[in-house]
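Hi there,

Here's the structure I promised you. Have a look at it first, and then read on for what turned up.

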Amino acid sequence: MTTRTPLMAGNWKMNLNHLEAIAHVQKLAFALTDKDYDAVEVAVLPPFVDLRSVQTLVDGDKLKIKYGAQDISAHDSGAYTGEISGPMLSKLKCTYVAVGHSERRQYHGESDEICNAKVKAAFRHGITPILCVGEGLDVRKAGQQVPYTLSQLDGGLEGVPADQVESIVIAYEPVWAIGTGEVATPDDAQEVCGAIRGRLAELYSQELADKVRIQYGGSVKSGNIAAIMAQPDVDGALIGGAALDAEEFVKIVRFRDQ
Ligand SMILES: O=C(CO)COP(=O)(O)O
């Protein structure tokens with residue numbers, strides 16, 4: 001019997017400026033009820049420049065919606081032009097930060113070592129990392145999705161102690177399913193999410209593995225979320241495009257009604 005509360009997180013990527021962010025979060029706040037928040041944890045990951053506006057709204061209106069950033073520097077301060085540090089994000093009361101999203105790995109050359117340093121930076125400042133892992137199409141075609149993804153998991157968690165890992169969120173995002181409309185089947189999602197949980201049990205303990213939330217991400221929509229959430233090792237979703245439409249995101253949060 002699982003006690004994991006599903007986490008539905010909207011990764012806005014490079015969309016919505018700070019004014020649009022306020023309007024969007026207001027729409028979510030208007031639609032979401034206590035019943036929704038009791039069943040599901042709801043979070044948004046806006047661009048950095050929106051975070052202060054989102055914080056002010058969430059604090060001012062005492063909203064139950066959580067928020068976080070899409071990236072974090074591995075360093076805490078210093079001469080790192082363009083980077084945003086853990087202390088800055090924790091000052092903005094970010095609950096979450098995405099680490100190692102495939103777009104960061106692909107376009108910014110983020111290796112498992114860099115992701116590992118970012119996971120550690122997040123924990124150092126009390127922010128929960130959402131560590132993203134997942135294979136590309138070539139790996140999937142070769143049937144190597146499980147070993148490939150587990151190796152990213154191992155790399156991301158290297159040297160991270162159990163008392164931190166028990167609160168981490170892992171997002172399994174097969175790269176071929178991101179923004180393509182190509183959704184992994186519920187069985188595909190379960191295969192890798194189950195393997196991730198198994199690996200966490202090996203690396204740490206079954207008890208820890210049973211606590212960690214594992215999300216699926218990749219072309220999630222209101223029409224496909226229920227079947228994905230029905231899988232035993234899927235504890236939520238990281239939602240890109242569909243999270244930019246407030247009504248659609250709320251429908252995803254209410255996956256049990258689908
Ligand atoms: O990358 C994703 C979330 O982080 C998934 O994006 P899409 O939902 O647009 O496929």
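Which polar backbone atom is 2.6 Å from an oxygen atom of the ligand? That one belongs to glycine 179. Keep in mind as you read that this is a predicted model.

A polar backbone atom of serine 219 is 2.7 Å from an oxygen atom of the ligand. On its own the ligand has 310 Å² of accessible area, and the protein covers 95% of that.

So who's standing around the ligand? The residues surrounding it are Asn11, Lys13, His101, Glu173, Ala177, Ile178, Gly179, Gly218, Ser219, Leu238, Gly240 and Gly241. Sorted by class, that shell has seven polar, three nonpolar and two charged residues. As for where the ligand sits, it's in the second largest pocket.

Now for what the UniProt record says. Its unreviewed entry lists Asn11, Trp12, Lys13, Gly179, Ser219, Gly240 and Gly241 under "binding site". These residues span 231 residues in sequence, but no two of their C-alpha atoms are more than 13.8 Å apart, so they gather at one spot. Among them, Asn11 and Lys13 are also part of the lining of the largest pocket. If you want to track down lysine 13, look in the loop between β1 (7–11) and α1 (18–31).

The same record, again as an unreviewed entry, gives His101 and Glu173 under "active site". They're spread over 73 residues of sequence, yet they cluster in space, with a largest C-alpha distance of 8.3 Å. From this set, His101 is included in the lining of the largest pocket. You'll find histidine 101 in the loop between β4 (96–99) and α5 (102–107).

Happy exploring!

How values were computed:
Residues numbered from 1 in each chain as written. Predicted model: local features only at pLDDT ≥ 70, side-chain atom pairs only at ≥ 80, totals over all residues. Heavy atoms only, no water. Near = heavy atom within 4 Å. Polar contact = N/O pair within 3.5 Å; in protein donor to acceptor, adjacent residues only side chain to side chain. Areas by Shrake-Rupley, 256 points an atom, 1.4 Å probe, with all protein chains shown as cover. 1 Å grid on protein atoms, 1.4 Å probe; cavity = no way out; pocket = protein on both sides within 12 Å on 5 of 7 lines; lining within 4 Å. Sits in = over half its atoms within 2 Å of the grid points. Nonpolar A, V, L, I, M, F, W, Y, C, P; charged D, E, K, R; others polar. UniProt positions renumbered as here; feature names shortened; annotations may be inferred. Helix = DSSP H or I, 4+ residues; strand = E, 2+ residues; numbered from the N terminus.
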